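Subject: Structure handover

Hi,

Here is the structure I promised to pass on. My notes on a sheet and a helix pair follow below it.

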Amino acid sequence: MEPQLEWVVPVYKKTEVLGLQTFLHDKFAVWASNGSSVEGLWNNLKNTVHESVERFVPHKLLRKNLDPEYYSKDIKRLKAKVRKAYNSRKLGVQYMEKLKHLSKQLLAAKKEAQETFLKSVLNKEGKCWSDFYKYVKRRKENRDNIPAIKDGDKRIVTDPTEKANLINLYYSSIFSSEDNIPHIQGENTSNPFTIDIKAIRRRIRATGRNKSVGRDRIPGEILKMGGEAMIPYLACLLEITFNNGALPGDWRRATVVPVHKESDRSLVTNYRPGSLTSVVCKRMEHAIALYLRQVWEKNDWLYEGQHGFRPGYSCESQVITACQDIADALDNGDRIDAIIVDFSKAFDLVPQGWLLVKIANSGVDVRVVVWIREFLLGQMQRVRVRGELSEEVRVTSGVPQGSILGSLLLLAYVNDIGQNIKSTIRLFADDCVIYRKITKDEDMINL
């Protein structure tokens with residue numbers, strides 16, 4: 001595939017913010033009254049947002065800069081002179097001599113500029129490493145984020161589309177068979193879900209800029225600049241999805257970007273999936289995640305030894321508590337045995353049916369369980385490599401990596417891991433260490 005040398009991009013910094021907010025505010029009443037179906041409202045919202053981008057966000061043409069970071073104006077002028085001399089080289093000997101002279105000048109200037117650039121970066125003591133990494137990346141022979149990979153027959157695959165399909169085939173082979181999804185029983189709860197406008201406002205303000213968009217092509221910048229005018233749309237949409245027990249199809253479609261983990265880059269097994277999903281859906285996921293954390297904290301439901309994806313906990317807190325327990329035992333002259341467990345493909349293999357049962361029994365509003373069920377069921381994914389897309393496949397197990405809810409749902413699934421264990425277990429998500437003080441043979445058997 002030929003590299004894209006120019007493209008049109010929106011310039012969000014020059015957005016007519018007041019006009020954008022007024023437009024969204026004036027459109028809301030018409031939008032909210034046109035249809036009660038989730039899909040219909042969602043499509044109308046997409047159209048409204050896309051129209052606002054076209055009307056209030058200026059666009060500009062970008063051209064890819066193929067010159068190295070250290071090229072100066074003088075070098076670019078010399079390049080132009082060399083190009084002109086090269087075109088005139090057949091007019092006579094003097095033109096050929098001029099070409100040779102200018103070429104030597106250009107090579108010397110490039111060498112000097114390169115050395116000056118590297119000295120400048122190193123003298124800044126790491127304050128401008130991004131420039132240095134750009135330089136290193138440019139110097140690599142293979143600039144592709146995913147180089148040639150091998151298929152099952154050890155055949156070398158270089159075509160981006162074929163790479164994408166090969167990686168997606170590997171990802172889909174990991175999924176377990178489709179789970180039997182249980183009927184969600186409606187029970188009264190002392191913790192009903194309510195839409196928190198303040199929380200939605202905080203999430204809009206915290207929306208990151210320059211984030212990759214999902215398939216709906218709604219950028220985070222528009223949510224952020226829409227501000228107060230965008231809040232009624234999100235609140236209304238969240239309420240409709242809860243009342244109808246349904247989610248838009250776009251929210252269940254992910255574009256997966258393979259991220260290299262370790263070792264041989266030619267093996268598909270060494271790439272983990274990162275899902276690019278709808279920015280709007282992520283705002284809704286934040287609302288659900290906040291509610292789940294509040295209820296589970298109130299009910300003291302999460303296992304106390306779980307240190308992953310929880311406020312006030314971290315990988316460091318897991319290590320510190322485990323090391324402290326071991327140090328105390330050693331100070332007393334005791335022996336400690338430990339088992340380290342790392343579950344393979346934990347995110348991808350979560351049985352969705354069992355997960356929903358566990359969440360339903362955690363004291364949360366049944367509407368939240370139905371919302372999560374709709375979020376998980378019918379998930380579709382495709383892999384993107386260098387702008388080329390694979391065929392779409394159905395996701396039959398697991399929780400989406402890269403989503404807001406994914407990590408929290410994994411905690412819910414592994415939450416009962418310590419119930420029948422007679423030893424101490426400390427977790428960070430699915431990574432766990434199990435240890436026990438050994439005073440007799442029975443202790444080893446229990447461990």
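Please keep in mind that this is a predicted model.

First, the sheet. Three strands form an open sheet in the order β7-β12-β11, and the pairing is antiparallel. Its edges are β7 (335–341) and β11 (424–428), each of which pairs on one side only. From one strand to the next, the twist averages 20 degrees.

Now the pairing of β11. Its antiparallel partner is β12 (residues 431–438), and five bridges join the two strands.

Next, the helix pair. Helix α9 (residues 231–244) packs with helix α14 (residues 366–376). The angle is about 95 degrees, and the axes lie 9 Å apart. Angles of 65 to 115 degrees count as roughly perpendicular, so α9 is roughly perpendicular to α14.

Which residues make the contact? From α9 they are L238, T241 and F242. From α14 they are R367, V368 and W371. By class, the α9 contact with α14 has four nonpolar residues, one polar and one charged.

Best wishes

Notes:
Residues are numbered from 1 along each chain as its sequence is written. This is a predicted model: local features need pLDDT of at least 70, side-chain atom pairs count only at pLDDT 80 or more; totals for chains, interfaces and linings use all residues. Side-chain values use heavy atoms; hydrogens and water are left out. Two strands pair if DSSP finds at least two bridges between them. Helices (H or I, at least four residues) and strands (E, at least two) are DSSP runs, numbered from the N terminus. Axes are lines fitted to C-alpha atoms, for helices over the stretch in contact, and angles run from 0 to 180 degrees between N-to-C directions. Angles under 35 degrees count as roughly parallel, over 145 as roughly antiparallel, 65 to 115 as roughly perpendicular and the rest as oblique. Contact means heavy atoms within 4.5 Å. Ala, Val, Leu, Ile, Met, Phe, Trp, Tyr, Cys and Pro count as nonpolar, Asp, Glu, Lys and Arg as charged, and the others, Gly among them, as polar.
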